[in-house]
Amino acid sequence: MTMKKVLIIQEVLPHYRVPLFNEIGKDTHISLTIATEEKETFSNREDLSFGVVKYSSRKLGKFSEIKSLRRLIKGYDKVIMFCDLHWLPTLLKLLLFRGKANIFFWGIGISSERGL
């Protein structure tokens, strides 16, 4: 079985998800990378079994978009994005420019805090 490169995109990497991502990262068939806007929080930790990369985003009214999305997802077999509808421009770009990657969306749909 070949190793699959998996990218999980999420704005913030909460401390309570680190143990889960560490377990996934220990799988010898998965190379896991987390893309977040807050890389500094995890960049110096040697106890992580996954990679962390930083991305930048920009606001488009009530929506947000990840800059350089094609470059971010290039080379990954699976891309998982935790998101809500505020990320609609990015969701559409992921579907249009995914290359060979399988795309998975994981979220509640609309932010329960304020909605659109």
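Trainee: In this predicted model, which residue forms a salt bridge with E23?

Mentor: The closest N and O atoms of the pair are 3.2 Å apart, and a salt bridge needs a side-chain nitrogen of Lys or Arg within 4 Å of a carboxyl oxygen of Asp or Glu. The partner of E23 is K26.

Trainee: Is K26 buried or exposed?

Mentor: The relative accessibility of K26 is 55%. Exposed means over 50%, so K26 counts as exposed.

Trainee: How many salt bridges does the structure hold?

Mentor: One of them pairs E23 with K26. Another joins the side chains of R58 and E65, at 2.9 Å from N to O. E65 also forms one with K93, where the closest N and O atoms are 2.4 Å apart. The number of salt bridges in the structure is three.

Trainee: How many residues apart are E65 and K93?

Mentor: Their salt bridge has its closest N and O atoms 2.4 Å apart. The pair links distant parts of the chain, with E65 in strand β5 and K93 in helix α3 (residues 88-96). Their separation is 28 residues.

Trainee: How many bridges join strand β4 to strand β5?

Mentor: Strand β4 covers residues 57-60 and strand β5 residues 63-66, and the two run antiparallel. One of the pairings sets K59 against S64 in β5. The number of bridges is four.

Trainee: Which residue in the hairpin of β4 and β5 takes a positive phi near 70 degrees?

Mentor: This hairpin has two residues between the strands. The residue with the positive phi is G61.

Trainee: What is the phi of S68 near?

Mentor: S68 lies in the loop between β5 and α2 (69-73). S68 is partly exposed, with a relative accessible area of 39%. Its phi is positive, in a residue other than glycine, and is near 55 degrees.

Trainee: Where is N22 found, and is N22 buried or exposed?

Mentor: N22 is found in helix α1 (residues 18-25). Leaving out residues up to four places away in sequence, N22 touches D47, L48, S49 and F50. With 12% relative accessibility, N22 counts as buried.

Trainee: How many residues has the largest nonpolar core?

Mentor: The residues with the most contacts inside this core are L7, I9, I66, L72, V79 and M81. The elements giving two or more residues to the core are β1 (4-9), α2, β6 (78-84) and α3. I9 touches residues including I66, L72, V79 and M81, not counting residues up to four places away in sequence. The number of residues in the largest core is 17.

Trainee: How many residues are in the second, separate core?

Mentor: Its members include L13, L32, I34 and F82. In soluble globular proteins, nonpolar side chains tend to be buried together. The number of residues in this second core is 11.

Definitions and conventions. Residues numbered from 1 in each chain as written. Predicted model: local features only at pLDDT ≥ 70, side-chain atom pairs only at ≥ 80, totals over all residues. Heavy atoms only, no water. Buried < 20%, exposed > 50% of the residue type's maximum accessible area, 1.4 Å probe, protein only. Contact = heavy atoms within 4.5 Å. Pairing = 2+ DSSP bridges. Core = buried A, V, L, I, M, F, W, Y, C linked by side-chain atoms within 4.5 Å.
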